[in-house]
Amino acid sequence: MNIIIIEDEFRAARSLQNLLLELRPGSVILGVYDSIEKSVEELANAEPDLIFMDIQLSDGLSFEIFRQVPIACPVIFCTAFDQYMLEAFKSQGVDYLLKPFSRDDVTNALKKVDELKQFFSKATLPDLESILQKINHPQPAGKTSFLVFKNQKYKTIPTENIAYFYIHNELTHLVTFDKEQFLMTQSLGQIAERVSEKQFFRINRQYLINFKAFKEMEHYFQRKIIVKLTIETAEKLLINKEKTHSFFNWLEDR
């Protein structure tokens, strides 16, 4: 594997270089660059398989590199700051290591790169006939309402009025934006399969949230994300680091 390191701290760059050669003895470090200017100059002619990139360099933020030269390989960002996570994942980022990172962090990041390469190497050309079939016969956007029962009465709840679904005591509940709650007969997994993936996201094993209910998010311990909705929930809504990337994409894909 041909690797480039973009890091303006000499000791950090040397430490990372030694660690990579220890973890992947057959790798070649094509270069170690400490600025945007030098990185752009060298990347114009280099063909790395992977880049480890610090974000705050001596002459600016490394995201500027992507605006000046095309980068086709995966990038693992390494930084002491977490506020750039969203921009990093939008810029070829496959992982985001917060300094000081450990040997295990680098090992797991390399494993993720290997898994991505293995996945895409197995990818096959799409079935044109099946694509045309989907275009001519599009699937419904998702279930538009749910039948519920409460106080000896049945009623339908439009899906757009549902803030979230959640599991409590192994039972699934529906919560509306008006803070009404209804017990569901379907499992959370069954509901997730029937609603629009664009409108609802299963943030963890217990919660399936509506995009319209999302208010804000912030970083939490152990690189998790805590999500806050427009209405209160009984528990903190935590997303583990494995789901963070797909959650950011879900929020952005509008």
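## Terms and basis

Buried means under 20% relative accessible area, exposed means over 50%, and partly exposed lies in between (1.4 Å probe, protein chains only). Accessible areas come from the Shrake-Rupley method with a 1.4 Å probe, and for residues only the protein chains shown count as cover. By these cut-offs Phe-221 is exposed, because its relative accessible area is 64%.

This is a predicted model, in which local features need pLDDT of at least 70, side-chain atom pairs count only at pLDDT 80 or more, and totals for chains, interfaces and linings use all residues. Residues are numbered from 1 along each chain as its sequence is written, and side-chain values use heavy atoms, with hydrogens and water left out.

## Overall make-up

The protein has eight helices and 17 strands. Both are DSSP runs, numbered from the N terminus: helices are H or I with at least four residues, strands are E with at least two. Of its 254 residues, 37% count as buried. The protein exposes about 15,400 Å². Carbon and sulfur atoms supply 50% of that area.

Contact means heavy atoms within 4.5 Å. Among contacts with a separation of 6 or more, 50% come from residues 24 or more positions apart.

## The five-stranded sheet

Five strands form an open sheet. Their order is β12-β11-β10-β14-β13, with antiparallel pairing. Two strands pair if DSSP finds at least two bridges between them. The edges are β12 (181–183) and β13 (200–202). Each has a single partner strand, so one side of each is left without a neighbour in the sheet. From one strand to the next, the twist averages 20°.

Phe-200 has Asn-210 in β14 as its bridge partner. Helix α8 (residues 241–252) packs on the sheet and touches β13 and β14. The direction of α8 makes about 175° with that of β13. Axes are lines fitted to C-alpha atoms, for helices over the stretch in contact; angles run from 0 to 180 degrees between N-to-C directions.

Strand β8 (residues 145–150) pairs with strand β9 (residues 153–158). The pairing is antiparallel and runs over six bridges. Phe-146 stands opposite Ile-157 in β9. Two residues separate the strands of this hairpin. In the turn, Asn-151 has a positive phi of about 55°.

## Glu-7 and its surroundings

Glu-7 sits in the loop between β1 (2–6) and α1 (10–23). Glu-7 counts as buried, because its relative accessibility is 7%. Leaving out residues up to four places away in sequence, Glu-7 touches Ala-12, Ala-13, Tyr-33, Asp-34, Asp-54, Leu-57 and Lys-99.

The side chains of Glu-7 and Lys-99 make a polar contact at 2.8 Å. A polar contact is a pair of N or O atoms within 3.5 Å; within protein, one must be able to donate a hydrogen and the other to accept it, and residues adjacent in sequence count only if both atoms are side-chain atoms.

## Salt bridges

A salt bridge is a side-chain nitrogen of Lys or Arg within 4 Å of a carboxyl oxygen of Asp or Glu. The structure holds eight. In one of them, Glu-7 pairs with Lys-99, and the closest N and O atoms are 2.8 Å apart. This pair links distant parts of the chain, 92 residues apart: Glu-7 is in the β1–α1 loop, and Lys-99 is in the loop between β7 (93–98) and α5 (103–121). Lys-99 is partly exposed, with a relative accessible area of 21%.

Arg-103 and Glu-22 form another salt bridge through their side chains, 2.7 Å from N to O. Arg-103 lies in helix α5 and Glu-22 in helix α1, so the pair ties together parts that are 81 residues apart in sequence. Arg-103 is partly exposed at 41% relative accessibility. Glu-218 and Lys-228 also meet in a salt bridge, at 3.6 Å from N to O. Glu-218 is in strand β15 (residues 214–219) and Lys-228 in strand β16 (residues 225–229), ten residues apart. Both count as partly exposed: Glu-218 at 39%, Lys-228 at 34%. Through shared partners, salt bridges join Glu-7, Asp-54 and Lys-99 into one network.

Phe-221 and Leu-238 are 17 residues apart in sequence. Their C-alpha atoms are 9.9 Å apart in space.
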